[in-house]
Amino acid sequence: MGLTRRQQWRIEKIQAERIARAQRVAGDSESLLDEAGEAQTGLVITRYGQRLLVEAESGELRQCTGRQNIELSVAGDQVIFQPTGDNEGVVTALLKRDNQLSRSYKLIAANIDQLWLVVAVEPHYQFELIDRYLVVAENAGLPINIVVNKIELSQNFEQIKTDFSMYESVGYSVAYLSVNEQTNIDSFKALLDDKTHIFLGQSGVGKSSLINELIPDLNLRVNEISVKSKLGKHTTTNTTLYHIPSGGDLIDSPGIREFQLDDLTDKEILSGFREFKPFIGQCKFRNCAHINEPKCAIKQAVEIGEIHTKRYQNYLNLIT
Ligand SMILES: Nc1nc2c(ncn2[C@@H]2O[C@H](COP(=O)(O)OP(=O)(O)OP(=O)(O)O)[C@@H](O)[C@H]2O)c(=O)[nH]1
Ligand SMILES: [Mg+2]
Ligand SMILES: [Zn+2]
């Protein structure tokens with residue numbers, strides 16, 4: 001039986017603390033660290049510019065700077081830090097990541113168990129955007145599911161169900177919610193386990209509202225972080241991790257704008273459509289792009305209904 005992530009972290013923590021102690025004994029040249037306290041493990045809650053908000057195991061929050069030459073850390077990272085003055089510290093090491101999520105070559109968060117793509121009735125969901133997120137997640141090897149929020153604004157819920165049935169049919173689970181009217185919030189909450197979940201999606205779809213709904217006493221925490229990082233209260237500007245009181249973590253992230261969309265290669269797009277997998281390599285031509293080629297296994301699969309026509313259309317829209 002393999003070690004759990006927490007067990008691995010414990011082992012790494014003990015090793016990293018030992019190294020940090022040895023460095024201190026050897027006489028550290030960095031003046032800040034000379035007076036710093038004992039090395040501790042912390043969880044990165046958020047990053048703003050070069051600063052990190054790090055939570056110690058005691059739950060205490062510290063504003064930290066990173067020691068030179070260590071890789072920049074992000075929400076969800078486990079780090080070793082040494083306390084310096086009041087509520088401050090220096091991050092001296094980054095513990096090994098289980099996984100990481102990047103968007104447009106920018107690291108967003110680390111050590112994530114589940115992605116939730118949040119879309120809404122208003123601003124209305126776009127298939128291209130949905131597919132782009134799914135492709136990124138599939139290529140990163142991270143599980144992703146979909147939340148459709150603000151369903152109370154829809155005049156035609158049947159249409160929404162039809163639109164998302166193609167995603168459900170290939171194995172993505174879809175939750176239909178209204179944060180405003182509390183629709184299906186409890187059943188959604190029951191899906192969230194002891195794991196680390198990240199909410200992604202366009203600006204204004206209700207990611208932060210949903211997180212507030214799932215963690216009722218969150219307002220305090222949001223204000224605390226807002227004051228320190230001088231964030232606006234409405235739109236999310238920093239990817240931030242929040243604890244669910246009953247266990248598990250939720251990571252809120254800023255909504256994307258058009259220009260932040262990832263450049264996806266055709267290869268990534270192809271492997272991002274999970275139900276295409278059994279047919280890849282089965283086409284007549286080795287370099288088949290699955291567009292106009294004869295004896296294309298993907299197109300044949302569409303014809304016999306093994307691949308949803310709309311999914312294939314979406315694929316074509318993405319690659320061209
Ligand atoms: N009608 C309706 N409005 C909602 C619902 N959920 C959230 N909203 C509203 O949608 C707006 C945007 O919500 P946010 O939670 O800030 O959206 P976000 O996804 O966090 O946006 P960014 O932080 O910019 O990425 C707010 O005015 C919310 O009150 C809902 O279920 N129905
Ligand atoms: Mg937000
Ligand atoms: Zn083909």
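1. Is Arg311 buried or exposed? Arg311 is buried, at a relative accessible area of 1%; buried means under 20% relative accessible area, exposed over 50%, and partly exposed in between (1.4 Å probe, protein chains only). The residue lies in helix α10.

2. Basis of the note. This is a predicted model, in which local features need pLDDT of at least 70 and side-chain atom pairs count only at pLDDT 80 or more, while totals for chains, interfaces and linings use all residues. Residues are numbered from 1 along each chain as its sequence is written, chains are lettered from A and ligands numbered from 1 in the order in which they are written, and side-chain values use heavy atoms, with hydrogens and water left out.

3. Overall make-up. The protein has ten helices and 13 strands; helices (H or I, at least four residues) and strands (E, at least two) are DSSP runs, numbered from the N terminus. Of the 320 residues, 50% are buried. Among contacts with a separation of 6 or more, 66% are between residues 24 or more positions apart, where contact means heavy atoms within 4.5 Å.

4. Surroundings of Arg311. Leaving aside neighbours within four places in sequence, Arg311 is in contact with Asp131, Leu134, Met166, Tyr167, Val170, Tyr172, Gly272, Phe273, Arg274, Glu275 and Phe276.

5. Helices α3 and α10. The axes of α3 and α10 (residues 309-319) come within 10 Å and cross at roughly 85 degrees. Axes are lines fitted to C-alpha atoms, for helices over the stretch in contact, and angles run from 0 to 180 degrees between N-to-C directions. The two helices are therefore roughly perpendicular to each other; angles under 35 degrees count as roughly parallel, over 145 as roughly antiparallel, 65 to 115 as roughly perpendicular and the rest as oblique. On the α3 side the contact is made by Phe127, Glu128, Asp131, Arg132, Leu134 and Val135, and on the α10 side by Lys310, Arg311, Asn314 and Leu318. By class, this contact of α3 with α10 has four nonpolar, one polar and five charged residues. Ala, Val, Leu, Ile, Met, Phe, Trp, Tyr, Cys and Pro count as nonpolar, Asp, Glu, Lys and Arg as charged, and the others, Gly among them, as polar.

6. Helices α3 and α4. The axes of α3 (residues 127-140) and α4 (residues 157-169) come within 13 Å, crossing at roughly 20 degrees, and the pair is therefore roughly parallel. Phe127, Ile130, Asp131 and Leu134 of α3 meet Asp163, Phe164, Met166 and Tyr167 of α4 in this contact. Its classes are six nonpolar, no polar and two charged residues.

7. Val174. Strand β10 (residues 174-176) holds Val174, which is buried at 12% relative accessibility. Not counting residues up to four places away in sequence, Val174 touches Ile146, Val148, Phe164 and Glu168. The C-alpha atoms of Val174 and Ile144 are separated by 10.0 Å.

8. Thr196. Thr196 is in strand β11 (residues 196-200) and is buried, with a relative accessible area of 7%. With residues up to four places away in sequence not counted, Thr196 touches Arg5, Asn111, Ile112, Asp113, Gln114, Asp249 and Ile251.

9. Cysteines. Zero disulfides are found in a search of the whole structure, a disulfide being a pair of cysteine sulfur atoms within 2.5 Å. Cys64 is buried at a relative accessible area of 0%, and Cys288 also counts as buried, at 10% relative accessibility.
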